[in-house]
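Subject: Handover of a structure model

Dear colleague,

A summary of what was found follows it.

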Amino acid sequence: MAKKGQTFFCEICKQKVVVVVEGFGVLVCCGKEMTLVGGKDMMSVWTSVYPTPKNGVHFICEICGQKINVVAETTGILECCGQRMVREEVSGG
Ligand SMILES: [Zn+2]
Ligand SMILES: [Zn+2]
């Protein structure tokens with residue numbers, strides 16, 4: 001299960017996401033479970049390398065309510081709870 005603040009990585013398309021709201025679903029990309037990028041040290045690096053993007057993209061699972069912020073977007077298909085996650089453009093403000 002994903003926890004808030006955790007970073008997940010797709011080994012196939014290299015997409016990276018950060019969990020904003022945790023849910024009970026398993027994050028899947030390209031039909032494969034995403035890999036947890038572990039460690040608090042990693043997170044401190046991440047926050048400095050990837051400041052909150054102005055036009056961030058969020059994906060939400062309508063089933064478990066899990067919400068993720070995509071920090072490295074690819075064409076990979078994100079899924080949770082067996083269905084595609086819903087893309088949400090984050091407009092300024
Ligand atoms: Zn992928
Ligand atoms: Zn879900």
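In what follows, two residues are in contact if their C-beta atoms, placed from the backbone, lie within 7 Å. This is a predicted model: local features need pLDDT of at least 70 and side-chain atom pairs count only at pLDDT 80 or more, while totals for chains, interfaces and linings use all residues. Residues are numbered from 1 along each chain as its sequence is written, and chains are lettered from A and ligands numbered from 1 in the order in which they are written.

With neighbours within four places in sequence left aside, Leu 27 is in contact with Ala 2, Phe 8, Val 17, Met 34, Ile 68 and Cys 80. Leu 27 also belongs to the largest nonpolar core, a set of 16 residues in which Leu 27, Cys 29, Met 34 and Ile 68 touch the most other members. Such a core is a set of buried Ala, Val, Leu, Ile, Met, Phe, Trp, Tyr and Cys residues joined through C-beta atoms within 7 Å; buried denotes 20 or more other C-beta atoms within 10 Å of the residue's own, again placed from the backbone. At least two residues of the core come from each of β2, β3 (27-29) and β8.

Strands here are DSSP runs of E with at least two residues, numbered from the N terminus, and two strands pair if DSSP finds at least two bridges between them.

One open sheet has six strands in the order β5-β1-β2-β7-β6-β10, with antiparallel pairing. Its edge strands, β5 (35-37) and β10 (86-89), each pair on one side only. On average, neighbouring strands of this sheet are turned by 35 degrees against each other, direction ignored, with axes taken as lines fitted to C-alpha atoms.

Within this sheet, three bridges join β1 (residues 7-9) to β2, where Phe 8 stands opposite Val 17. β2 (residues 16-21) is joined to β7 (residues 67-72) by five bridges, and Lys 16 has Ala 72 as its bridge partner. Four bridges link β6 (residues 57-60) to β7, Val 57 being partnered by Val 70. The hairpin of β6 and β7 has six residues between the strands, and in it Gly 65 takes a positive phi near 80 degrees.

Four strands form an open sheet in the order β4-β3-β8-β9, also paired antiparallel. β4 (32-33) and β9 (83-84) stand at its edges with a single partner strand each, so one side of each is left without a neighbour in the sheet. Two bridges join β8 (residues 78-80) to β9, and Glu 79 has Arg 84 as its bridge partner there.

Yours sincerely

Technical notes
A residue is buried if 20 or more other C-beta atoms lie within 10 Å of its own, exposed if 12 or fewer, and partly exposed in between; C-beta atoms are placed from the backbone. Axes are lines fitted to C-alpha atoms, for helices over the stretch in contact, and angles run from 0 to 180 degrees between N-to-C directions.
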